[in-house]
Every structure is written in C-alpha cells, then in structure tokens.
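Here is a short report for a reader meeting this structure for the first time.

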Amino acid sequence: MYLNKIYKTRSLQVLCVAIAFVSMLFNGCQNDDEEEMVFPPFDASVPVEVTGFTPESGGAGQRLVIYGKNFGTDVDLVSVLVGGKKAVVISVNGESIYCLIPKQAFGGDIEVRIGQEENKVVAYADANFDYQRKMVVSNLIGYKNDRGDEPWKDGRFTAENDTDRASGFWEPSFIKFDPLNPKHLWAVFDFNNGLYLINFEDSTVTKKRSDFDRPRSIDFTNDGKYMIIAEDRGGENDRATYRLSRDKDWQDREIITRYRQCNGASVHPVNGELYFNSYEKGQFFRFDLNKYFDEGLGDKDYEQLFVVQDPGWEYKTFIHPSGNYAYIVIINKHYILRVDYNWEKKQFNQPYLVCGRLGSAGYQDGVGSGVRLNTPYQGVFVKNEDYVEAGKADEYDFYFTEQYNHDIRILTPEGSVTTFAGRGSSSINPDPWGYVNGDLREEARFDQPTGIAYEEEEGAFYIGDKSNHRFRKIALETKDE
C-alpha cells in the first residue's frame, strides 16, 4: 500500500499552492507606496474567461487558484464547481479566484459561474483538474440512536429501516480476517458472549456463537484449520485458550490451555507455537501447539517465559509477519514493549521498551520513551512500500488503536510514533472524541476505538469504534463515501 507516497505527494502540492498564492499576494503588494490595484465589479454584459489554474492536481481540501477575467470582487456572486461538486470560494479579486477542492471531485472539470441566479455567466477551464483520491474515514456498520440503547442485533451493513441494520458493538472489540477467506472478518467483544461474522460477501453481520465468556482475542493456526480464542476468566483451572474447527463450521470447542485472566493469545506465523498471557502476575506463556496436534499435550503443559512487570498488567501480543519479533501492547499501563524471537530455541527472549512510559497516560507523538499513549488496544502490521523500495530489512509499520486517545497511531520499526487518523474537527470543540467522517486528521473523529484489521488487497483498515457503536472503515474515497 502506498500510504507514504500519497502523503508526500499531497504535502508537496499544498506547498506549491501556498507559494503560488503568497507570490500572487506579494506581487500585488510588493511596494507599500504603490497604488493598490482596484478591480472592476463583475460585468454581466462581458464574457467570463478562465485562462488557467494552479495546482494541476490534488485531493479534497486542496487550495486552488483559478485565473481569468471578469470575475468581479463579490464572493457572493461567485460559484465554482469541480467535477460537478461545489467548491468553497474563499476570495475573488477580478482576475483570480481562491477556493478549496471539494470532496469526490472525480471528473475534474472546472466550471465558474458569476452573477445572480437569474443572470449567471458561465465559463469553463480548457483542462481538467487531476483529482487524486485520498484516504478517508467512513461508516461501515452500525448506528447510535439518541438514547444509545440500540440492541445487539444481526443484520445488514446498511438498510433504510433500522430494524434491518446490524447494531450493538459497544464493548471493546478484537477483529481478525480469516486467512483463507478475506471476505470474512471475525469479531469478539469483551463482556459479550458472542462470536460474530462480518461477511463482505453479502454485507451482513451474524452472531455465530453465544457461549463465550469474556472472549479477548482471535487468531488462527498457520494452516487455517483452527480458530484460537482467548478468554478472560477468573479461575486457575478455567479455560484460557481453546480451538474451533473450520471443518465443523467453528461450532465445536476443544480447550487448549487453562489458567486465569488471559487477555490474548497469538500463534507464531512461522513455527506455529502458541503464546498467551495472564493478567494475574503479568505472566507470558509458551505452548507447543505443534506437539499438541502431533502427539497430544495437557492443558497445563505450557511454560512461563517471563513476567511483564507486576501483577495486574493487561496486555496483548502481536507477532511480526516474519516471526522475528513481537510487540507487547500494555493496555492499562500505556506503553509498548518489543520481544525478539530466538530462532534456535524457538521462543521469545526478554522484552524491552519501544515507546511510551509506564503508567504515564497522555498524547504525544515522538520516539521511544518520549511518546505518550493512552490505553493502546489492538494492532496490525502493514507493509510499507517505501521500505520495500529502499531495501529495508523490516518492511512493516505497526498500526494500533488507542481507546482513550481516540485515534489510530503508527509505530515504525525505529520506534517513531505518529498519529494516522482521528482527533480532527478541532473547530467543533476541543475534545478529541466524537463521530465525524472524512479526512484522516483534519476531520475524522473516533470515540474509544479498540479493534483494528487490515485488508491488504483493498488497502483498507477496519476499526471497531466502541462508544460510537459502529465499525468504521479507512480507505481511499469512493463515490459512495
């Protein structure tokens, strides 16, 4: 996915337009002693001409300067359409119009209308603006009524009648694509007893099981035959992890390990062993899943590799696609550790800090311990094409949700953290949360996002937006957004 390239291109375009517009102002005001240029008002008896525009390409929100003649000086008389969509006109000075490119201006044709409604004069640019789609946030599934008490209900992604729409989704989610069927996105919710299928083949959400007890994570064995569920239960002999079988439509259950308070479980993507944890003392366990399938193992036949800090550490583990390392996301203490894989021993070594600071909740982009996080929850590795072209050893960034920063952040292999999406629309109010779609940073808002999944072919992210009672989507804008 060429996310970095998109951002770099847009930044250059914004800079070019800013330079062009400042130059225009400077040339008009270069000498304070010179008489200020006065443009005549619009003359309806004279044709309007469009002679050019800058820049030639860009996306929604891009600043655009249109050059021509007989534009007049009254903004209220000027309207601009780009690709059939109405642009916001900022100013007009007779020979130039300053406006903003509207959303979904895919056609790119530029139309300028000057005058009163009953007597408008219209002109067109000879060339089209090259509209470039950008990543935006949109709603995928769910709604929230005025009372916030819509039921947990199977249904369609969208429907005219709320009774036909899927709803609920107000607990922390964990979501995972089926490795053998990219049209199936599976979801579990803390404090909810269900296993949910988000089916992109027929645009429906269906609760497939109702017998879970605080499910905390989903993973799959490397051959895709089994789904691994982690449950957070209180007893030492309660089930911690269990498997469901694809050939039984996920309706069976066999317990793999037993222990209390498991927050998550992950399968090593190369060697196939299972790693899970306990909130009790922060224990990190290894279970030989290959031996379990080949020879059989008891549900207590796992080993403790290390302890993460102290009792009461809630965390989830996300293993890099190469298997070389994993990130341990400490949910309730606001930092992320890295743990490297020992290929000779086929197990992980001791963890060390990557970003954030123990117990220091906050919001700050940066590097390493200078970063401030607030309840990071689920993450996913995404290949960065810039890294591939540069021949870097690690080709993946790590995108993760933050429940109480209400955003999606990016962690690079070097330990740098930036904000990818959310916390926008600052003109509404100073709060970073809410429900707003649109541009990733300028507009979009989330409210306690938790689950995140990435579909590589589409280049789209899916977000479980807890307090908005929705699943959101981040992808290149389309006509349907």
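## A buried pair

D190 is buried, at a relative accessible area of 4%. Here buried means under 20% relative accessible area, exposed means over 50%, and partly exposed lies in between (1.4 Å probe, protein chains only). R216 is buried as well, at 2%. The side chains of D190 and R216 form a salt bridge, 3.6 Å from N to O. A salt bridge is a side-chain nitrogen of Lys or Arg within 4 Å of a carboxyl oxygen of Asp or Glu. This pair links distant parts of the chain, 26 residues apart. D190 sits in the loop between β14 (181-189) and β15 (195-199). R216 belongs to strand β17 (residues 215-220).

The model is predicted: local features need pLDDT of at least 70, side-chain atom pairs count only at pLDDT 80 or more, and totals for chains, interfaces and linings use all residues. Residues are numbered from 1 along each chain as its sequence is written, and side-chain values use heavy atoms, with hydrogens and water left out.

Side chains of opposite charge can pair when their charged atoms come close. The structure holds 29 salt bridges. One of them joins D232 and R214, with the closest N and O atoms 3.6 Å apart. D232 lies in the loop between β18 (226-231) and β19 (239-245), and R214 in the loop between β16 (204-209) and β17, so the pair ties together parts 18 residues apart in sequence. D232 is buried, at 10% relative accessibility. R214 is partly exposed, at 23%. A network of salt bridges links D190, R214, R216, D232 and E314.

Another salt bridge brings R258 and D299 together at 2.8 Å, N to O. R258 is in strand β20 (residues 254-258) and D299 in the loop between α2 (289-294) and β24, so this pair ties together parts 41 residues apart in sequence. R258 is partly exposed, with a relative accessible area of 25%. D299 is partly exposed too, at 26%.

## A sheet of 4 strands

Helices (H or I, at least four residues) and strands (E, at least two) are DSSP runs, numbered from the N terminus. Two strands pair if DSSP finds at least two bridges between them. An open sheet has 4 strands in the order β21-β22-β23-β24, paired antiparallel. β21 (265-267) and β24 (303-307) stand at the edges with a single partner strand each, so one side of each has no neighbour in the sheet. From one strand to the next, the twist averages 25°.

Strand β23 (residues 283-287) and β24 run antiparallel and are joined by 4 bridges. R286 stands opposite E303 in β24.

## Domains and annotation

The domain assignment, which is automatic or from a database, gives domain 1 (49-131) and domain 2 (135-476). Their centres, taken over C-alpha atoms, are 45 Å apart.

An unreviewed UniProt entry annotates residues 50-118 as "domain: IPT/TIG". Such annotations may be inferred rather than shown by experiment; their positions follow the numbering used here, and feature names are shortened. The span is 0% helix and 52% strand, and its end C-alpha atoms lie 21 Å apart.

## An exposed loop residue

L180 lies in the loop between β13 (173-178) and β14. L180 is exposed, at 53% relative accessibility. Leaving aside residues up to four places away in sequence, L180 touches D223, G224 and R246. Contact means heavy atoms within 4.5 Å.

Note on methods. Axes are lines fitted to C-alpha atoms, for helices over the stretch in contact, and angles run from 0 to 180 degrees between N-to-C directions.
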